[in-house]
Amino acid sequence: ILAPQSGLSADEKFALEGALFSLSAQDREILTLKYLDGLSYEELGDRLEIPRGTVMSRLFHARKKIQAKMTANLGKHT
């Protein structure tokens, strides 16, 4: 999923991939479009047909979920 130049360790990449795949399709989509495809809030809103405020809210909650899952995944591998 991530390019080798991402600066993440192998454990961090593994934790991130595991966390991404454990998210809902909606959360995974918005995070992927924002952080891997580089879409702006406006572009995300257009693409997903949702208001900018909803984009911001979904990103906030999806980031919280992935942070929690990554922390749990990294804890399993240390």
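**Contacts, packing and burial**

Me: Leaving aside its neighbours within four places in sequence, which residues is aspartate 27 in contact with?
Reply: Contact means heavy atoms within 4.5 Å. Once the neighbours within four places in sequence are set aside, aspartate 27 is in contact with Ala62 and Lys65.

Me: What kind of model is this?
Reply: Residues are numbered from 1 along each chain as its sequence is written, and side-chain values use heavy atoms, with hydrogens and water left out. Local features need pLDDT of at least 70, side-chain atom pairs count only at pLDDT 80 or more, and totals for chains, interfaces and linings use all residues; the model is predicted.

Me: How many helices and strands does the chain have?
Reply: Helices (H or I, at least four residues) and strands (E, at least two) are DSSP runs, numbered from the N terminus. From that end, the elements run α-α-α-α. The total is four helices and zero strands.

Me: Is aspartate 27 buried or exposed?
Reply: Aspartate 27 has its place in helix 2. Buried means under 20% relative accessible area, exposed over 50%, and partly exposed in between (1.4 Å probe, protein chains only). The relative accessible area of aspartate 27 is 5%, so this residue is buried.

Me: How is helix 2 oriented to helix 3?
Reply: Helix 2 (residues 25-36) and helix 3 (residues 41-48) have axes 10 Å apart and pack at an angle of about 140 degrees. The orientation of these two helices is therefore oblique.

Me: By class, which residues make up the contact of helix 2 with helix 3?
Reply: Glu29, Ile30, Leu33 and Lys34 in helix 2 meet Tyr41, Leu44, Arg47 and Leu48 in helix 3. Ala, Val, Leu, Ile, Met, Phe, Trp, Tyr, Cys and Pro count as nonpolar, Asp, Glu, Lys and Arg as charged, and the others, Gly among them, as polar. By class, the contact of helix 2 with helix 3 has five nonpolar, no polar and three charged residues.

Me: Where do the buried residues of helix 3 lie around its axis?
Reply: Leu44, Gly45 and Leu48 are the buried residues of helix 3. They cover an arc of only 100 degrees around the axis, taken from the directions from the helix axis to the C-beta atoms. This arc puts them on the same side of helix 3.

Me: Which exposed residues are on the face of helix 3 turned away from its buried side?
Reply: The buried residues of helix 3 pack against helix 2 and helix 4. The face turned away from that buried side carries the exposed residues Asp46 and Arg47.

Me: What is phi of glutamate 49?
Reply: Glutamate 49 lies in the loop between helix 3 and helix 4 (52-76). With 73% relative accessibility, glutamate 49 counts as exposed. Its phi is positive in a residue other than glycine. Just after helix 3, glutamate 49 takes a positive phi of about 60 degrees.

Technical notes
Axes are lines fitted to C-alpha atoms, for helices over the stretch in contact, and angles run from 0 to 180 degrees between N-to-C directions. Angles under 35 degrees count as roughly parallel, over 145 as roughly antiparallel, 65 to 115 as roughly perpendicular and the rest as oblique.
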